[in-house]
Amino acid sequence: MGFLDCGGGGGKCSFGGFKTLVRRKQVDSEHANAASSATGQHQLAKALTVPHLITIGVGSTIGSGVYILVGTVAREHSGPALTVSFLIAGIAAALSGFCYAELASRCPSAGSAYHYSYICIGEAFAWLIGWALMLEYTIGGSAVARGISPNLALLFGGPNSLPSFLARQTIPGIGIVVDPCASILVIVVTGLLCLGIKESAFVQGIVTAANICALMFIIIAGGYLGFKTGWRGYELPAGYFPFGGQGMLAGASTLFFAYAGFDSVTSTAEEVKNPQRDLPVGIGVALSICCTLYILVSAVIVGIVPYYAMDPDTPISSAFASHGIKWAAYVITIGSCTALCSSLMGSLLPQSRILMAMARDGLLPSFFSEVNKSTQVPVKSTIATGLLATTLAFFMDVEQLSGMVSLGTLLAYTTVAISVLILRYVPPDEVPFPSEFQEVIDSVSLRRNIPVENTEAYGVSSENIPLLTTTEKYSFVTNGNRRKVAGWAIMATCVGVLVLTCATSSLSLCRTIRYILCGIGLVLLFSGVILLSSIDQDDARHNFGHTGGFICPLVPLLPIACILINVYLLVNISAATWTRVSVWLVVALFAYIFYGRKHSLLENAVYVPASHVDEIYETSSNCVS
């Protein structure tokens, strides 16, 4: 069932319990959607179009980071080459965007990276990715909320100018700084999201438009100042690359996280009217707008103020103030506030959809999967997300946990790139059906005389499932060997990337060991790339999920480049952050073992060859009629 087949299609493995970890759910299809609707569950509203998706993507991506990062990165890494760093980071983010676009158009259901990894990799891995996404969205949303109150205070005249019931207070004795303003904002956004997807997208559009207007003011007014003063920030003795190419690339690795957030678009896939067309367009246009705005803002700011003279905390405001335009700080602060509010909405929206998707699959209590009949949104999971984010925003200094957000984002991006490789080379060749289909499967099995597979690992007796295929007879010679080679090539590529990036980043190792590890990593990486490039992609990919959507170009090179970039950034995250995330994922693993695994809808699933799915559904429909 996993992409590394143990001997063919279904894969008889001696590790019976291991099969429950790599079991994969059915890909989105018209049949699956119809079966889901027949259960009587309320569906999410199909209300979003391209403008809504662009609004969600841009609003979720452009947070307040651009108002701060330009100063920090320019001073410490890039200098005047800040624009090039933003461009390189944008290209790196676009690689993940291509992978997301294909999977979102093929599998247009709620859940984003969790959903794709469940279909392509396996249940246990998808569970961990779902918990990693909680870090990205819930903790990220709480951090954003706590960043709004200081900016609001600046609009009222200073750091301590907010009303007492909104201002931050320190609890005596324990030293915890509470932020009532942040928690109130989370509650307001949660209530807005409960009203409906179209209503919340409309409000997010207004807030995002205000943020873009602030950025356009920076670009136009800053451009005027630049032409007036002769762009003195570019006329420096050190030249355009004062820190060299290495500094420029280091800046790009930091700025990469300024593009995080576009994946929020894919979490709304189930609510898009025409997902095959609109989702790729929404992702592409949103990333293009963000990249263009980032480049223009950075080009203007480093041009009107020398990079070494920038204020690292308020680079844009101080840049205008140095030219006598102190009132510009109010416009910039308003832009920062609107950016944070839009980013907050972009964090809470996908989290509720991920909880709903996990509950639909049985991995979480069904409470989270309920969709309100009137608003057609998962109100209960939205409220649960809001309550958790409100608590974190009120009590915790989540800035200490911000690294966990970046780690969760990179894990999701890496998983999506791997999923594209699996989709192309080893797409699932078996499809799970609920045990209610047993009689229909038996009927089709008798007509086709399909042999039986031992399915004890799935908790289903082989005596009652004659449709399941044996590894020896299903996809045995050519296709079976090709799938095994492709699976191991993908594995070798991933291991090679991990070894190579760890070796290049571990400066504490002696040079000889580093060179040896780099050599091993390069051999594995290039072996995997050469094998995948020479192997034909699986024909079953043409029928995988919904067809007619976006196709990721340059496979396998583009997804592998995406994996390489993301893993390099992952291994360079601090050890303290990795420790926190590891504890979080260990807790998640225990939750899966003691709850998710036992309540999964795949616990008693019947697996059949993918080539017989249509016939089974047709037979089932005839029996019902």
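The side chains of Glu102 and Arg106 meet in a salt bridge, with N and O 3.0 Å apart. A salt bridge here is a side-chain nitrogen of Lys or Arg within 4 Å of a carboxyl oxygen of Asp or Glu. The whole structure holds 13 salt bridges. This is a predicted model: local features need pLDDT of at least 70, side-chain atom pairs count only at pLDDT 80 or more, and totals for chains, interfaces and linings use all residues. Residues are numbered from 1 along each chain as its sequence is written, and side-chain values use heavy atoms, leaving out hydrogens and water.

**Within one helix**
- Glu102 and Arg106 sit four residues apart in helix α5 (residues 82–106), so about one helical turn separates them.
- Helices are DSSP runs (H or I, at least four residues), numbered from the N terminus.
- Both Glu102 and Arg106 are buried, meaning under 20% relative accessible area (1.4 Å probe, protein chains only).

**Across the chain: Glu271 and Arg353**
- Glu271 pairs with Arg353 in a salt bridge, their closest N and O atoms 2.8 Å apart.
- This pair links distant parts of the chain, 82 residues apart: Glu271 is in the loop between α11 (264–267) and α12 (275–304), and Arg353 is in helix α14 (residues 328–360).
- Both Glu271 and Arg353 are buried.

**Across the chain: Asp538 and Arg483**
- A salt bridge joins the side chains of Asp538 and Arg483 (3.3 Å, N to O).
- Asp538 lies in the loop between α19 (511–534) and α20 (557–571) and Arg483 in helix α18 (residues 478–505), so the pair ties together parts 55 residues apart in sequence.
- Asp538 counts as buried at 6% relative accessibility, and Arg483 is buried at 2% relative accessible area.

Notes. Helices (H or I, at least four residues) and strands (E, at least two) are DSSP runs, numbered from the N terminus. Buried means under 20% relative accessible area, exposed over 50%, partly exposed in between (1.4 Å probe, protein chains only).
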